[in-house]
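Visitor: I am new to this structure and would like to be walked through it slowly. Could you show it to me before we talk?

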Amino acid sequence: MVVLTLIVNNSLMPWDKSVPQRITLYSAVFYFFSVAVLCFTPLKFIGHHVTPLLAGVGTVHLQALQGLDPTFYLNIVMAVPLGIYYGLLIPRANILKVFLVGILASGFVEVAQYVLDHSIWLNRSVDINDVISNVLGVLIGYISLKVVGFVFPKLVQWFRYFNQVN
């Protein structure tokens, strides 16, 4: 909320940036807030329905790739923008850094959900498959950006927030 307030009050207004670069920044902020709502609120999103979760402690699943359900694939889709934004916002991004960011971001979310489950009964499940699918999504997003940048270099350069550093 602090970042959003600073942007609205023009404290973080990037006056020297082009409109596409501002779109990159503002859509990234919106994406991060949206993911926070999805991950850290006691709400369950199923299609067009939002239902509250009852207070309680969520489950912990540590068996990798066992009993995959549609949420595995939805987590991949949810994480794709992180790989794209990382490539657009970080000048020296590479596949190893993207992989590490995927593991760290997803690991942070799962650990935070576990802590919140046991402190305020958030009732969110912690699943190793979420970490795997999120890392896959981040990698897919970054690789997709690189492919689009290879085919349409001007388009990606237009939205890149900082100039490319070699």
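Guide: A residue counts as buried under 20% relative accessible area, as exposed over 50% and as partly exposed in between, using a 1.4 Å probe and protein chains only. This is a predicted model, in which local features need pLDDT of at least 70 and side-chain atom pairs count only at pLDDT 80 or more, while totals for chains, interfaces and linings use all residues. Residues are numbered from 1 along each chain as its sequence is written, and side-chain values use heavy atoms, leaving out hydrogens and water.

Visitor: Is phenylalanine 32 buried, exposed or partly exposed?

Guide: Phenylalanine 32 belongs to helix 2 (residues 19–40), where helices are DSSP runs of H or I with at least four residues, numbered from the N terminus. Because its relative accessible area is 41%, phenylalanine 32 is partly exposed.

Visitor: Is glutamine 113 buried or exposed?

Guide: Glutamine 113 sits in helix 4 (residues 95–120). Its relative accessibility is 6%, so glutamine 113 counts as buried.

Visitor: How far apart in space are phenylalanine 32 and leucine 82?

Guide: In sequence, phenylalanine 32 and leucine 82 are 50 residues apart. From C-alpha to C-alpha, their separation in space is 8.6 Å.

Definitions and conventions
Helices (H or I, at least four residues) and strands (E, at least two) are DSSP runs, numbered from the N terminus.
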